[in-house]
Amino acid sequence: MSITPRPRLRATVTGLAVAASALAGGTVTAAPSQAAACNGYVGLTFDDGPSAGQTPALLNALKQNGLRATMFNQGNNAAANPAQVKAQADAGMWVGNHSYSHPHLTQQSQAQMDSEISRTQQAIAAAGGGTPRLFRPPYGETDATLRSVEAKYGLTEVIWDVDSQDWNGASTDAIVQAVSRLTGGQVILMHEWPANTLAAIPRIAQALSAKGLCSGMISPQTGRAVAPDGGGNGGGGQGCTATLSAGEKWGDRYNLNVAVSGSGSWTVTMNVPSPAKVMSTWNISASYPSAQVLTARPNGSGNSWGATIQANGNWTWPTVSCTTS
Ligand SMILES: [Zn+2]
């Protein structure tokens with residue numbers, strides 16, 4: 001762990017009050033850092049959405065339990081529920097392509113495969129979910145022709161290491177046990193629609209935490225679960241990338257370290273999920289265009305910086321995007 005320079009305070013009453021008590025010593029005690037205990041990352045995936053009936057509850061459960069996941073959407077569902085695609089992205093989830101109408105693709109012509117994939121890319125992008133970089137074939141069925149179509153759209157195929165069997169009537173216990181079998185880098189298949197899956201979310205978070213695992217993104221480069229880069233859809237922005245990592249965590253707030261690569265002249269926009277707030281920052285010139293947005297620019301201290309986030313009950317990490325400036 002690197003040495004954290006003294007944070008530069010954001011002049012809010014709350015921030016000053018907490019910082020003052022911390023400086024006074026003893027009144028703010030450091031709690032074991034859950035995020036810092038990430039011994040590895042796993043890829044939670046939820047297929048077949050989105051839907052107006054299921055997606056909001058699933059996103060709420062994930063957010064409340066500090067989990068991020070990859071949502072493999074069907075194009076027809078994305079087209080019918082664009083607001084839910086946007087909600088997935090806004091909740092910090094990654095959005096992947098799961099075909100348009102969920103056919104057995106390997107029984108289709110190459111032209112049909114192309115249509116299924118391209119229409120889904122368009123539907124998700126049009127809804128605000130970004131352009132997917134991950135593709136999961138329905139039923140996990142794939143072949144060389146399908147892979148060539150995936151490659152045409154820059155998609156990485158993601159099957160799974162563990163099948164939760166939630167689609168097959170698995171109990172909540174069984175789903176949690178399936179998650180417990182995951183090791184770092186692995187990916188588990190779940191779905192948006194089973195009630196038992198939704199019910200399992202808090203215990204999934206507990207099971208991962210007990211093993212020192214955290215929910216991560218699925219790398220478009222390798223198809224394996226890795227630490228989130230905060231860019232959404234595994235994207236790298238335009239010429240620079242901002243990567244988040246956990247810093248110290250307390251009972252009411254946590255530090256996030258941000259490493260910027262690709263350019264020395266950058267602007268990073270951090271969107272903080274309400275009601276969390278940025279309390280202080282270090283190594284940047286900070287501005288706050290709105291209550292939930294921090295804009296960070298270099299202040300001559302290099303490309304590693306950070307922020308202290310007051311959680312206010314919401315421990316979901318902010319999302320960050322980087323542009324060169
Ligand atoms: Zn499916």
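Helix α6 covers residues 144-152, and its buried residues are L146, V149 and E150. Seen down the helix axis, these buried residues fall within an arc of 105°, so they line one face of α6. The other side of α6 carries exposed residues: A144, A151 and K152. This is a predicted model.

What do the buried residues of α6 pack against? Their partners are α5 (110-127), β5 (134-135) and β6 (156-157).

Now look at the two ends of the helix. At the start of α6, D143 reaches in with a side-chain oxygen, which comes to within 3.2 Å of the backbone nitrogen of T145. After α6 comes G154, and its phi is positive, near 70°.

Next, turn to the metal. A zinc ion is coordinated by D48 through OD, and by H98 and H102 through NE2. The distances run from 2.0 to 2.2 Å. Along the sequence, the donor residues follow the spacing D-x49-H-x3-H. Both H98 and H102 are buried.

Where does D48 sit? Its place is in the loop between β2 (40-47) and α2 (55-64). D48 is buried, yet it has no salt bridge. The nearest side chain of opposite charge belongs to R136, 8.0 Å away. A polar contact of 3.2 Å does join the side chains of D48 and H102. Leaving aside residues up to four places away in sequence, D48 touches F72, Q74, N77, H98, H102, H191 and W193. Two of these names, H98 and H102, are also zinc donors.

Technical notes
Residues numbered from 1 in each chain as written. Predicted model: local features only at pLDDT ≥ 70, side-chain atom pairs only at ≥ 80, totals over all residues. Heavy atoms only, no water. Donors = N, O, S within 2.8 Å, 3.2 Å for Na, K, Ca; no water. Buried < 20%, exposed > 50% of the residue type's maximum accessible area, 1.4 Å probe, protein only. Helix = DSSP H or I, 4+ residues; strand = E, 2+ residues; numbered from the N terminus. Lys, Arg positive; Asp, Glu negative; His and termini not counted. Salt bridge = Lys/Arg side-chain N within 4 Å of Asp/Glu carboxyl O. Polar contact = N/O pair within 3.5 Å; in protein donor to acceptor, adjacent residues only side chain to side chain. Contact = heavy atoms within 4.5 Å. Arc of directions from axis to C-beta.
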